[in-house]
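Open the model in your viewer and keep the selection panel at hand. The tour goes from strands to a helix and then to a pocket.

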Amino acid sequence: MAQALIVIDIQEGLVNENPYDAKNLIANTKALIKNFRDQNIEVIFIRHSEDEGLLATGSDNWQVYHELKPQENEKIFNKYYNSIFKNSGLKEYLDSKSITNLTFVGMQVEFCIDTSVKVGFEYGYKITIVEDAISTFDNIHLSADQILSFYKEKIWRNRFAQLRTTKEILAIN
């Protein structure tokens with residue numbers, strides 16, 4: 001029952017675009033990373049990668065957000081799709097380490113987080129989403145707060161994942 005913290009797409013370019021509740025997203029993610037490291041639980045970073053655009057591979061915007069800097073021994077996986085699992089090598093790595101329990105933090109709720117939760121569920125991973133360490137942006141249809149509430153309450157909770165707060169996770173580990 002090995003576990004890992006999966007930090008999804010918290011990258012310079014996205015944080016600089018000012019996602020919903022960015023201050024708490026970063027503060028909570030930092031606290032969780034420290035806690036998992038202190039418990040010797042693996043922390044894995046995912047970077048969304050594009051050939052060109054905001055998150056162009058190798059650009060400053062593409063880098064993991066500087067306040068969350070991965071340590072030398074921590075894995076970083078690059079992805080080109082909404083799923084953290086598709087052609088990234090992550091699933092093979094998790095399987096090689098017998099990691100079955102995944103804790104997700106990151107961005108963006110309606111894209112990479114949602115797709116990765118559902119694909120991970122299909123693969124049989126036990127997924128926990130830290131509900132105050134995920135974020136997104138307003139769009140022309142819904143506010144970021146509405147998007148977050150919809151996915152947490154109507155899609156994920158008691159279906160695809162457990163939802164916990166940062167405080168709850170810190171109390172468990």
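Two strands count as paired if DSSP finds at least two bridges between them. The model is a predicted one.

Select β1 and β2 first. They run parallel and are joined by five bridges. Within this pair, Leu5 stands opposite Val43 of β2.

Now colour β2 by accessibility: six of its seven residues are buried, so the strand is largely enclosed by the rest of the structure.

Next, select helix α4, residues 109-123. Its 15 residues should span 21 Å at 1.5 Å a residue, and the end C-alpha atoms lie 20 Å apart, which agrees. Show the side chains of the buried residues, among them Val109, Cys112, Ile113 and Val117; Glu110 and Asp114 are buried as well. The cover over the buried residues of α4 includes the strands β1, β2, β3, β4 (99-107) and β5 (126-135), together with α5 (144-156). Step just past the helix to Gly124, where phi is positive, at about 95°.

Finally, turn to the largest pocket, with a volume of about 240 Å³. Of its 13 lining residues, select Gln3, Thr103, Lys126, Thr128 and Ile172, which lie nearest the centre. β4, β5, β6 (162-164) and α6 (166-172) each give two or more residues to this lining. The largest share, three residues, comes from β4. Coloured by class, the lining shows five nonpolar, six polar and two charged residues.

Notes: Residues are numbered from 1 along each chain as its sequence is written. This is a predicted model: local features need pLDDT of at least 70, side-chain atom pairs count only at pLDDT 80 or more; totals for chains, interfaces and linings use all residues. Side-chain values use heavy atoms; hydrogens and water are left out. Helices (H or I, at least four residues) and strands (E, at least two) are DSSP runs, numbered from the N terminus. The expected span of a helix is 1.5 Å times one less than its number of residues. Buried means under 20% relative accessible area, exposed over 50%, partly exposed in between (1.4 Å probe, protein chains only). Contact means heavy atoms within 4.5 Å. On a 1 Å grid over the protein atoms alone, a cavity is a set of points where a 1.4 Å probe fits but cannot get out, and a pocket is an open set with protein on both sides within 12 Å along at least five of seven lines; lining residues have an atom within 4 Å of a point. Grid points are joined across faces, edges and corners, and a volume is the space filled by probe spheres set on the points. Ala, Val, Leu, Ile, Met, Phe, Trp, Tyr, Cys and Pro count as nonpolar, Asp, Glu, Lys and Arg as charged, and the others, Gly among them, as polar.
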